[in-house]
Amino acid sequence: MFLDDLKKEALAHKIEYIHILPFSYEKYKSVVVALLPYYAGEYFSCLSRYTRGLDYHVAGKQILNGILAPLAQRYEFSYRVYVDISPLDERRLALKAGLGFLGKNNLVINEKYGSYCFIATAVTEMEVGTEPQPIKNCIGCGACIRHCPGKAISEESVDYLRCLSRINQEKKISTGQADLISRQESCWGCDICQTVCPCNRNPKISPISAFTRELILNISDIDSLSNRTFRQKYGKYSFAYKGRAIVERNLKLIRNKH
Ligand code: B12
Ligand code: SF4
Ligand code: SF4
């Protein structure tokens, strides 16, 4: 009953993949898990796909709050939404909820939208939730392992200290890390273990307009911006959260090498 209402409300917000699991955290008894697809189409860009659309922390919270607010009123429960900045292991929950399967790149891959999905969760006081689903794995072709520029992925795990997506966010980097950044196209994030994945061959475009409109593909004007004007212009995008200097450094490294 509640799950049906949740799915109905989610569809009204264009969210097709949502579930509720039994859970125990503080006063909360269940957790709602939703996939928010963000693939916007193929474009050449110096930014990885996840950060081209509006900030998923903000957009994701708005969407899940929009879904849950009317249900919380009807069923009288309190809840708390998280997106990314979260005490919860979001991928593990999405896998348990059966919303996708686990890639060797450690990402949750959905049958329709590929791995280009954010995960949003909400802990709730509702005492409902179906038992966790068995977790399935990807086909294990190994393309992500072979193509990872940082050699971060192995058969067993991902070593995030070697992951470009982490390195190109760091303030202090070594000469080797600077060289790694300079050899890539992306000055923020990294998509390589996703673009080479056969499960992402034909992802559906996201129905969520926050991730498909107002895309930022090029930030070559960064040299002419002050910290303040950078924040004014790009503050709605997640790549801006650490300020201008790191993004500018990465872009310079890439330009000098290409
Ligand atoms: C910190 C962080 C990063 C760090 C990495 C640190 C790390 N350990 O993951 C950096 C900056 C490198 C990063 C990069 C990226 N991230 Co990130 N990241 C996070 C964050 C905030 C926390 C992850 C974390 O530390 N988890 C806890 C530890 C324990 O996880 P772990 O060490 O990886 O352990 C995993 C393995 O143990 C594996 N596993 C191994 N064996 C088994 C067995 C079973 C049964 C199961 C279930 C799991 C499992 O599953 C665990 C995680 O589920 C999450 C959001 C969140 N709150 O969960 C987003 C999150 C994982 N990131 C996300 C994204 C989109 C990315 C990037 C694709 C962005 C980009 N384009 O550059 C890359 C992808 C890199 C990659 N191949 O994973 C999405 C993933 C969505 C998806 N479809 O899976 C998340 C969920 C954010 C969100 N809300 O959407 N990320
Ligand atoms: S995001 Fe890039 S560097 Fe990190 S694991 Fe994937 S391919 Fe490797
Ligand atoms: S590239 Fe192959 S091994 Fe890697 S996540 Fe995709 S299907 Fe799995």
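**The second largest pocket is lined by 17 residues, and those that lie nearest its centre are S45, R49, E185, S186 and D191.** A pocket here is an open set of points on a 1 Å grid over the protein atoms alone, with protein on both sides within 12 Å along at least five of seven lines, whereas a cavity is a set of points where a 1.4 Å probe fits but cannot get out; lining residues have an atom within 4 Å of a point. The model is predicted, and local features need pLDDT of at least 70 and side-chain atom pairs pLDDT 80 or more, while totals for chains, interfaces and linings use all residues. Residues are numbered from 1 along each chain, chains are lettered from A and ligands numbered from 1 in the order written, and side-chain values use heavy atoms, without hydrogens or water. About 280 Å³ of space lies in this second largest pocket, a volume being the space filled by probe spheres set on the joined grid points. By class, its lining is made up of six nonpolar, six polar and five charged residues, where Cys, Tyr and Pro are among those counted as nonpolar and Gly as polar.

**The largest pocket holds about 1200 Å³ of space.** Its lining comprises 39 residues, and among these Y50, Y56, D84, L107 and S165 lie nearest the centre of the pocket. Two or more of the lining residues come from each of the elements α2 (56-75), α3 (90-96), β6 (117-124), α5 (164-167) and α7 (192-195); helices are DSSP runs of H or I with at least four residues, and strands are runs of E with at least two. Sorted by class, the lining of the largest pocket has 22 nonpolar, 10 polar and seven charged residues.

**Ligand 1 takes up space in the largest pocket.** A molecule sits in a pocket or cavity if more than half of its atoms lie within 2 Å of its grid points. Around ligand 1 there are 29 residues, of which E90, N105, V108, Y160 and S165 come nearest, a residue being counted if one of its heavy atoms lies within 4 Å. At least two residues of this shell are supplied by each of α3, β6, α5 and α7, and α3 gives the most, with four residues. The shell around ligand 1 divides into 14 nonpolar, eight polar and seven charged residues.

**Backbone atoms of L88, R92 and C117 reach ligand 1.** A nitrogen atom of ligand 1 lies 3.2 Å from a backbone N or O atom of L88, and a nitrogen atom of ligand 1 is also 3.1 Å from a polar backbone atom of C117. With R92, the pair is made by a backbone N or O atom and an oxygen atom of ligand 1, at 3.5 Å.

**Ligand 2 also sits in the largest pocket.** The residues that surround ligand 2 are C148, P149, I153, C163, L164, C190, I192 and C193.

Three cavities of 30 Å³ or more are counted by the rule used here, and the largest cavity has a volume of about 90 Å³. Of the 14 residues that line this cavity, C138, C141, C144, C197 and P198 are the closest to its centre, and the lining as a whole divides into nine nonpolar, four polar and one charged. Ligand 3 itself has 13 residues around it, of which C138, C141, G142, C144 and C197 come nearest. The shell around ligand 3 contains eight nonpolar residues, four polar residues and one charged residue.

**S206 is placed in the loop between α7 and α8 (227-234).** With a relative accessible area of 5%, S206 is buried, a term for values under 20%, while exposed means over 50% and partly exposed lies in between. A polar atom of the S206 side chain is 2.6 Å from the backbone oxygen of P37, and the side chain of S206 also reaches the backbone nitrogen of I208 at 2.9 Å.

**E26 has a positive phi, near 50°, although E26 is a residue other than glycine.** The loop between β1 (18-25) and β2 (28-37) is where E26 is found, and E26 is exposed, with a relative accessible area of 63%.

**D84 likewise is a residue other than glycine with a positive phi, here near 70°.** D84 is found in the loop between β3 (79-83) and α3, and at 39% relative accessibility D84 counts as partly exposed. D84 is also one of the residues nearest the centre of the largest pocket.

How values were computed:
Polar contact = N/O pair within 3.5 Å; in protein donor to acceptor, adjacent residues only side chain to side chain. Buried < 20%, exposed > 50% of the residue type's maximum accessible area, 1.4 Å probe, protein only.
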